[in-house]
Amino acid sequence: MRQKMMEKFEELFGGGGDIRAYFAPGRVNLIGEHTDYNGGHVFPCALTIGTYMLARKREDRVLRFYSMNFEKIGVIVSDLDDLSCKKEASWTNYPKGMMWTFEQRKHPITNGFDILIYGNIPNGSGLSSSASVEVVTGVMLRDMYGYDDLTMEDLALLGQYSENHFNGVNCGIMDQFAVAMGKKDCAIYLDTSDLSYEYAPIRLDGMKIVIACSNKKRGLGDSKYNERRAECEEALAELQKVTDIRTLGELDERAFEEVKDAIKDEVRQKRARHAVYENQRTKKAVEVLKAGDIQEFGRLMNASHVSLRDDYEVTGKELDTLVEAAWNIDGVIGSRMTGAGFGGCTVSIVRDDAVDRFIEEVGRTYLETIGYAADFYPVEIGDGAGIWKE
Ligand code: GLA
């Protein structure tokens, strides 16, 4: 791939100079959904698929971008003096957002760049292709300017800042954190209230993580996402009138049941219930995993989906069809939607001997029910972002 990317880079931008290579993965979240902006826990891991970037500094302030995934769009030209989010700038709003963020955070970007990227994360799948582009850009800028004061954690936070303030999506920290901090064969148990974390080895003897992509475009997803976040904030404000908490993540199930009537709207009460119960479920899931009880981990994954479906209402027919079909298959340990929802992917833990059957049967049910096909990817857990060593 590197060779092909290099050839394309030279064809488009000319050869020579200091062309450098970087990589940032995508991520999948095993459990802990819609908890990261509620002060709760998440349990994501980085994947071996992701975004590859070649970049070279320019003498002027021009930015030239090319994605091998959108060949029809061709080279997108911009300028460091015009770092604003524009619809027609398409995917380049992510790297431009990072440049803008570096500037905001007193890490000046003084030269333009020629940038070529290629990604093998399925598009709009909810496997964090945007966080991957943000973080790979952060790694590139840090390296090109020698900003060694920035840690990988800082780059994750800059990515989130960029997405919140440049792209206008009020996301939490999970995606950028997983992409930046991932570790091979481990999931990251992250407490989003203070960013403390530990790596938990995922030993799946005789099992695989299989991602099923619904191929439903997210569409209104981003605005719905912001809406859910606002509902949680409102519920929190109502609870704060009767109990001394900073986030929903501070409540356990019992404490929530005692104060929940302070939330005056039934829908908001359901949203808050999900945030509280999902956080507790995530803590239990990591405990049982450490104790080697993968069956119980799977049951908690299933319960997570039910809560996202009934209380948080972010699944939709496509994701429910994939998950409910998966639950019917012998050899499926657990299955749930992953990421923001409203389309995107499911994640399932499947016994090796059941993987083919899983793909065939879930695939058939999905096609019959929804009318178009889903895609399936058995995945491996990889390292976080960095220099792309050959
Ligand atoms: C998206 C956001 C994350 C997180 C998930 C839901 O992926 O970017 O911050 O909120 O949705 O868990």
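User: How far is the ligand oxygen from an N or O atom in the side chain of R27?

Analyst: In this predicted model, the distance between an oxygen atom of the ligand and an N or O atom in the side chain of R27 is 3.1 Å. Such a polar contact is a pair of N or O atoms within 3.5 Å. Local features need pLDDT of at least 70, side-chain atom pairs count only at pLDDT 80 or more, and totals for chains, interfaces and linings use all residues. Residues are numbered from 1 along each chain as its sequence is written, and side-chain values use heavy atoms, with hydrogens and water left out.

User: What about D175 and Y225?

Analyst: The side chain of D175 has an N or O atom 2.6 Å from a ligand oxygen atom. For Y225, a polar side-chain atom lies 2.6 Å from an oxygen atom of the ligand.

User: How much of the ligand's accessible area does the protein cover?

Analyst: The protein covers 94% of the 300 Å² that the ligand has on its own, by the Shrake-Rupley method with a 1.4 Å probe.

User: Which residues surround the ligand?

Analyst: They are R27, E33, H34, D36, Y37, C171, G172, M174, D175, Y225, G339 and A340, where near means that a heavy atom lies within 4 Å. By class, 5 are nonpolar, 3 polar and 4 charged; Ala, Val, Leu, Ile, Met, Phe, Trp, Tyr, Cys and Pro count as nonpolar, Asp, Glu, Lys and Arg as charged, and the others, Gly among them, as polar.

User: Switching to sheets: what is the strand order in the open sheet of 4 strands?

Analyst: The order is β10-β11-β9-β12, with antiparallel pairing. Strands are DSSP runs of E with at least two residues, and two of them pair if DSSP finds at least two bridges between them. At the edges stand β10 (332-338) and β12 (375-379), each pairing on one side only.

User: How many bridges join β10 to β11?

Analyst: There are 6, with β11 covering residues 345-351; G334 stands opposite I349 in β11.

How values were computed
A polar contact is a pair of N or O atoms within 3.5 Å; within protein, one must be able to donate a hydrogen and the other to accept it, and residues adjacent in sequence count only if both atoms are side-chain atoms.
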